[in-house]
Amino acid sequence: MAMNFDESPSRRLPVYLLLDTSGSMAGAPIVAVNNGVGLLYRELLNNPSSVETVWMSVITFAADAKRQPLTELTHFTPPVLTAGGPTAMGAALKELGRALDTEIIPNVPGGDRKGDYKPLAFLLTDGVPTDEWQTAAEALKKRTVGRLGTFVALGCGDEVKVDVLKAITDKVLLMRDVQGDTLQEFFRWVSASIKQASIAAPRTGTGESLTMMPPPPPTIETI
Amino acid sequence: MAKRPGNPVPPGGQVPPGGPVPPGGQARGNAPPHPVAAPPVPPPLRVVTSDNQVIPCRPEPFNSGSEGRLYFTLDGTRVVKIYSSPEPWRQASLEAIIRKRTQVMADNQAYWSAYYCWPEARIAQPGLGLVMRRASTDLRPLSHLLSPRFRARLKREHGPEVVGTWIGHVGIMIKLARTVSRLHNSGLCHSDLSPNNLLVNPQNGMCTLIDCDGLVEAESTILMPTVLGTPDYMAPELVSGIMPIPGKLSPRPTVETDLHALAVLIYQGLLFRHPLRGRAIYSPDPDEDERLLLGERALYIEHPIDSSNRPRTPFLTSAILGPEMQELCTRAFVDGLHAPRKRPLAAEWERALVRMYDQTVPCSNPACEARSFVLPESGAVTCPWCKVEVRGPARIPILYFYRLRQDGRHDSRGTYTLDFRFVGWHTRKLNLWHIEPYRMPGPNIDATPVGEIIWEPDSRQSRWWLVNRTIDRVIDITDDQHPVVSTASRIELRDGQRLKIGDGNHSRVIEIRLHRLS
């Protein structure tokens with residue numbers, strides 16, 4: 001009776017959000033993050049190609065790291081985050097590694113089903129790790145299987161240490177002045193990065209490289 | 001960015017006293033002691049065209065894309081786009097596109113303007129931009145209808161009729177082919193034909209092409225490509241060209257790359273599946289795999305010889321669209337996939353789709369989502385979508401339309417050649433484009449029906465009639481008397497009957513076959 005849709009499992013796009021819920025995020029920041037995740041979820045839900053492909057997981061970190069399993073977008077519920085405790089960023093990175101080990105379907109030529117797109121990860125923090133993070137960060141960089149397609153770290157406020165974020169990924173963004181609006185813009189940008197969009201044509205003479213990511217909003221500095 | 005009323009965090013980024021703010025609500029802690037006046041309505045955005053017309057717009061954009069922001073005019077009838085960082089060439093290209101509009105729509109502007117949201121004037125203030133018609137509000141992006149999950153949600157939220165029927169999709173594809181054909185005949189290509197750039201109504205078959213500020217003209221140094229396209233709809237030569245080879249000119253969007261996108265859209269729009277996404281996997285790296293399966297190694301899921309990309313589960317093939325459409329699909333995805341010049345033209349798709357439309361019959365199953373299908377030439381008459389056998393008259397008339405052979409020869413095959421097949425169904429109309437050879441529905445033809453097929457269930461046997469409303473000369477040439485079927489009269493249709501329409505070079509012969517349904 002249905003319209004004979006292609007029912008074979010389509011390629012999934014795994015998206016991991018690593019969110020700082022330490023004590024320093026209490027108050028307006030954690031509210032802004034909650035709103036931001038909600039906005040991201042709604043934006044993706046309104047985009048047919050995301051609805052078909054995106055799978056989400058939220059890893060929060062404070063005293064330790066908590067991970068929601070990777071969930072199909074239509075079954076995903078944005079969590080209500082509360083803030084409190086130290087900044088166990090190392091534990092969160094380790095959880096991400098574990099997720100990439102166990103949750104990613106590899107693309108195997110001759111295999112039974114299409115493997116996942118390269119996973120995307122977005123880390124948001126306003127502080128410095130209070131646990132050992134170097135080992136997990138190194139392990140993420142050295143991965144060959146289940147390698148991240150893109151890993152963006154957004155540092156918020158003045159407490160953030162850029163070198164720490166730089167040691168985790170080379171795509172570091174900085175938001176000095178954290179407000180609800182600017183954080184919403186960040187999540188809107190995350191959504192635009194996830195959505196499949198038209199590919200820009202290179203103009204002759206400019207020599208610009210093709211990139212799949214839109215430029216971040218002006219309120220965010222690229223380091 | 002301007003603050004919106006109701007924003008939870010006050011300016012300055014201060015945490016409001018009193019702790020967390022409820023999501024989406026007003027700050028609790030600093031609520032004023034007396035009721036607040038409604039927030040002041042921001043003044044309209046003042047937009048000025050290059051010829052100094054002032055167009056007031058709503059102050060907040062309704063959409064912010066990578067190229068710019070989109071605003072509704074205050075009266076809500078038009079859309080203004082302001083580029084966020086206009087490139088130096090943008091102004092000249094915009095002016096050229098605005099001039100092209102008159103040329104493309106020259107023969108019937110009232111008709112064509114519904115098919116495009118085409119830039120109408122250049123905006124000079126507050127920045128470089130354009131103003132265009134706002135698409136009808138009952139349209140939605142085609143992408144919403146092609147995603148099974150999104151479709152399910154639309155039905156849940158707005159009722160099942162919102163996704164329309166299959167025949168609505170056929171109507172959309174006919175109009176899409178016509179729209180693209182018109183562009184191509186004017187020497188332009190769209191360069192980003194995708195389900196996001198088509199606003200459609202599957203209930204009435206309307207289709208409007210948007211994002212027309214990136215039109216490309218071959219050889220032009222003004223109308224240069226700004227986008228290569230959307231991956232699933234990019235021609236293989238463009239996908240392979242994303243990674244430019246040093247010293248080699250990378251391919252740019254052309255009429256031929258548009259024709260690939262059009263073919264994919266038609267295939268997807270009618271069969272709900274991507275013609276190149278089967279089971280084949282070419283690389284362990286998913287990005288590379290995508291590049292290969294849409295580019296260099298692209299392989300039709302229905303390839304007649306190489307079956308390595310067939311979907312794992314049984315699927316409906318283009319065969320259910322009838323032989324003419326099936327052949328065009330083969331030309332697009334086998335012969336023309338890696339040979340751009342061999343791809344079917346938009347006008348060929350339009351013709352085949354119109355002919356296909358004439359061969360559809362309604363499904364007898366009221367719960368069928370498609371509601372109609374193409375009557376197969378032979379075999380059991382079962383709806384391919386819901387698998388329910390068709391119920392209805394025991395026999396239905398098939399009208400074979402012949403036209404005079406162009407070479408004027410008369411040999412063993414006769415003077416007439418078969419033009420198309422038309423499936424008679426109760427109340428199905430005949431139009432000028434059926435009666436007059438070499439005509440097609442479109443802007444310059446009267447769409448008033450000239451005849452109609454009528455079924456009359458009878459106590460003993462049901463009868464089929466052709467009602468002649470305004471067809472000039474209809475003669476039953478099977479009958480020795482050659483009786484004339486005058487206008488506003490009718491003739492019963494019989495198996496093997498031949499009707500002659502018109503005279504001379506534009507005459508036609510219709511042969512009637514009564515086809516057994518059950």
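Q: In this predicted model, how many bridges join β5(B) to strand β7 of chain B?
A: Strand β7 covers residues 129-133 of chain B. β5(B) and β7 run antiparallel. One facing pair is B:Val79 and B:Met132, the latter in β7(B). The number of bridges joining β5(B) to β7 is 5.

Q: Which residue in β5(B) stands opposite B:Leu70?
A: Start with the strands. β4 spans residues 68-72 of chain B, and β5 spans residues 78-83. They run antiparallel, joined by 5 bridges. Opposite B:Leu70 stands B:Lys81.

Q: Which residue takes a positive phi in the hairpin of β4(B) and β5(B)?
A: Look between the two strands. The hairpin has 5 residues there. The phi in question is near 75 degrees, and the residue that takes it is B:Gly76.

Q: How far apart do the C-alpha centres of domain 2 and domain 3 of chain B lie?
A: Chain B is divided into domain 1 (45-133), domain 2 (140-355) and domain 3 (392-516). Take the C-alpha centres of domain 2 and domain 3 of chain B: they lie apart by 35 Å.

Q: Which helix gives the largest share of the side of domain 2 of chain B that touches domain 3 of chain B?
A: The contact takes 5 residues from domain 2 of chain B and 4 residues from domain 3 of chain B. On the domain 2 side, the largest share is 4 residues. They come from residues 346-357 of chain B, which form helix α10.

Q: How many charged residues does that side of domain 2 of chain B have?
A: Sort the side by class. It has 1 nonpolar residue and no polar residues. The number of charged residues is 4.

Q: What percentage of the residues in chain A is buried?
A: Chain A holds 6 helices and 9 strands. It has 223 residues. To be buried, a residue needs 20 or more other C-beta atoms within 10 Å of its own. In chain A, buried residues make up 50%.

Definitions and conventions
Residues are numbered from 1 along each chain as its sequence is written. Chains are lettered from A and ligands numbered from 1 in the order in which they are written. This is a predicted model: local features need pLDDT of at least 70, side-chain atom pairs count only at pLDDT 80 or more; totals for chains, interfaces and linings use all residues. Domain bounds come from an automatic or database domain assignment. Two residues are in contact if their C-beta atoms, placed from the backbone, lie within 7 Å. Ala, Val, Leu, Ile, Met, Phe, Trp, Tyr, Cys and Pro count as nonpolar, Asp, Glu, Lys and Arg as charged, and the others, Gly among them, as polar. Two strands pair if DSSP finds at least two bridges between them. A residue is buried if 20 or more other C-beta atoms lie within 10 Å of its own, exposed if 12 or fewer, and partly exposed in between; C-beta atoms are placed from the backbone.
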